[in-house]
Amino acid sequence: MKKITSINPTNGTVNGEFEFHSLDKIDLILKRSNEAFQYWRSLEGAERAVYLENVAKVLRNDKRELAETITMEMGKPIRQALAEVEKCAGMFDHFAANICSFLEPDIVKESPSAFISYEPMGAVLAIKPWNFPLWQVLSAASHILAGGNTMVLKHSGYVPMCALKIESVFEKAGFPEGVFQTLLVDGPTASSLISRPEIAAVTFTGGLPAGQKVAEVAGRNMKKCVLELGGSDPFIVLGDADIEKAAKAGVAGRFLNSGQTCISSKRFIIESSIVAEFTSAFVENTRKLKIGDPLDKDTDIGPLVREGQVSLLEGQIKNAVSMGAKVELQGGRVEGNGYYFSPVVLSNASLDMQVMKEETFGPVAPIISVENESEALDVANATEFGLGASIWSSDKEKASLLACQVQSGVVGVNGLFKPEADLPFGGVKKSGIGRELSRFGFYEFMNIRSTVLF
């Protein structure tokens, strides 16, 4: 029997091994999910809300244990891991409070009577990544389950302990058997499940190549899918911006979760009149970050998730330097145990460098100089991705007009966009299809039915 190995990235030691589920076990899980759906969908919204409120309570009660599991499996600094658990609890509170209003039929006209109702689809397969092990799963589960669907989770092979902990949260919250279940399977097996009749739809968060395969299988089988496939978010600073404020925010936006965040600032596009001042402030603030044991509450940057991620970043940096990038802050691989990588800041970046064309999933910050806001917009949109963006200027009207022209699903003006329960989240171009969170995410996995009574 094949196994999943959980590795502690702080030292490379094995946390534990977990056997993949057998075909018989997979069949049983899918059967239970469909059986549970018939009961779960029959409940009133207010009844399901009680279950969601229970999840929020369990998350808060078990916050420390859950956060330490996150840190142990993927290296997230404990302070950030605790915040992740708390944010998940808030997500369930939000959808518990809004289920009934979201499910309320919309009356279109009185004669003849016409209305729009919202009905759940069935069992949703969720294929989720390791970088926010609880948030990526629970932010989707909150509205998928609220609508009356059931959910089957295929989590990243890097975080099997988190996957099983999440399942236990729903058990502790008293959920009916089969409403939420975790599958321990590999990627190809998960993809094969999309075509199974027991699966009504699929939600996927991860890399572009894997997302394209999911979309292909879903399309071939006429299954609804929502895809969030990462980004290469522009951080635009115009000449009239508050440079110190922008630099501090840029550091926070780039190095959260050790830079392993889909919506982190990844390309720093700075107007030439202030590029030297901004670079100096950015480097100075980056130097203040503490790298070390992620269980230390004062640590800002922990290890990367795996050795392969370290090697990938080294290759992207080498490519940039070979093409003329200047190293403003010399970081990189930290010798010793674990997969530590200290921040690297590059200036004189250009569009043909890998750090500008690819998603840099780690603590590397490329800075490119532009002459004006028009060129800034061209550089910002010169990417196949379109998830998030950030624009900084003392002229909010000008910045807002620029924001409307940036090709992205979300944008922050003079601030960093952070996913919130009541705001839709997702991208354009190759950053994905569909939306999570808010009422828009809620309706993604609902049959929006029109009924006319003649």
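A salt bridge is a side-chain nitrogen of Lys or Arg within 4 Å of a carboxyl oxygen of Asp or Glu. By this criterion, a search of the whole structure, which is a predicted model, finds 26 salt bridges. The legends below describe several of them, together with the strands and the surface around other residues.

**Figure 1. Salt bridge between Arg41 and Glu119.** The closest N and O atoms of Arg41 and Glu119 are 3.8 Å apart. Arg41 is placed in the loop between helix H1 (23–40) and helix H2 (45–61), whereas Glu119 belongs to strand E4 (residues 113–120), so the pair ties together parts that are 78 residues apart in sequence. Arg41 is partly exposed, its relative accessible area being 32%. Glu119 also counts as partly exposed, at 25% relative accessibility.

**Figure 2. Salt bridge between the side chains of Lys128 and Glu436.** The N to O distance in this pair is 2.9 Å. Lys128 comes from the loop between strand E5 (123–127) and helix H5 (135–146), and Glu436 from the loop between strand E19 (432–433) and helix H15 (438–444); the pair therefore ties together parts that are 308 residues apart in sequence. Lys128 and Glu436 are both buried, because each has under 20% relative accessible area.

Figure 3. Arg220 is exposed, with 57% relative accessible area. Lys213 is also found in helix H8, and it is exposed at a relative accessible area of 55%. The C-alpha atom of Lys213 is separated by 7.8 Å from that of Ser191, a residue 22 positions away along the chain.

**Figure 4. A salt-bridge network of Arg60, Lys63, Glu86 and Asp93.** Side chains of opposite charge can pair when their charged atoms come close.

**Figure 5. An open sheet of six strands.** The strands follow the order E7-E6-E5-E8-E9-E19, and their pairing is mixed. At the edges stand strand E7 (180–183) and E19; each has a single partner strand, so one side of each is left without a neighbour in the sheet. Strand E8 (residues 199–205) pairs with E5 in the parallel sense over five bridges. Among the residues facing each other in this pairing, Leu125 has Val202 of E8 as its bridge partner, and Ala123 has Ile199 of E8. E8 also pairs with strand E9 (residues 224–228), in the parallel sense and over five bridges. Here the bridge partner of Phe204 is Leu227 in E9. E8 is mostly covered, with six of its seven residues buried.

**Figure 6. An open sheet of seven strands.** The order of the strands is E12-E15-E16-E11-E10-E17-E18, and the pairing is mixed. Strand E12 (326–329) and strand E18 (412–413) are the edge strands, each pairing on one side only. Strand E11 (residues 265–271) is joined to strand E16 (residues 364–370) by four bridges in the parallel sense. Ile270 has Ser369 in E16 opposite it.

**Figure 7. The hairpin of E1 and E2.** Strand E1 (residues 3–8) pairs with strand E2 (residues 13–19) in the antiparallel sense, over six bridges. Opposite Ile4 stands Phe18 in E2. Four residues separate the strands of the hairpin, and Gly12 takes a positive phi near 80 degrees.

**Figure 8. A patch of negative charge on the surface.** The patch gathers Asp242, Glu244, Glu277 and Glu284. Glu244 belongs to helix H9 (residues 243–255). The relative accessible area of Glu244 is 35%, so this residue is partly exposed.

Methods:
Residues numbered from 1 in each chain as written. Predicted model: local features only at pLDDT ≥ 70, side-chain atom pairs only at ≥ 80, totals over all residues. Heavy atoms only, no water. Patch = residues over 30% accessible without salt bridge, like charges linked within 9 Å, V, L, I, M, F, W, Y side chains within 5 Å. Areas by Shrake-Rupley, 256 points an atom, 1.4 Å probe, with all protein chains shown as cover. Lys, Arg positive; Asp, Glu negative; His and termini not counted. Charge placed at Lys NZ, Arg CZ, Asp CG, Glu CD. Helix = DSSP H or I, 4+ residues; strand = E, 2+ residues; numbered from the N terminus. Buried < 20%, exposed > 50% of the residue type's maximum accessible area, 1.4 Å probe, protein only. Pairing = 2+ DSSP bridges.
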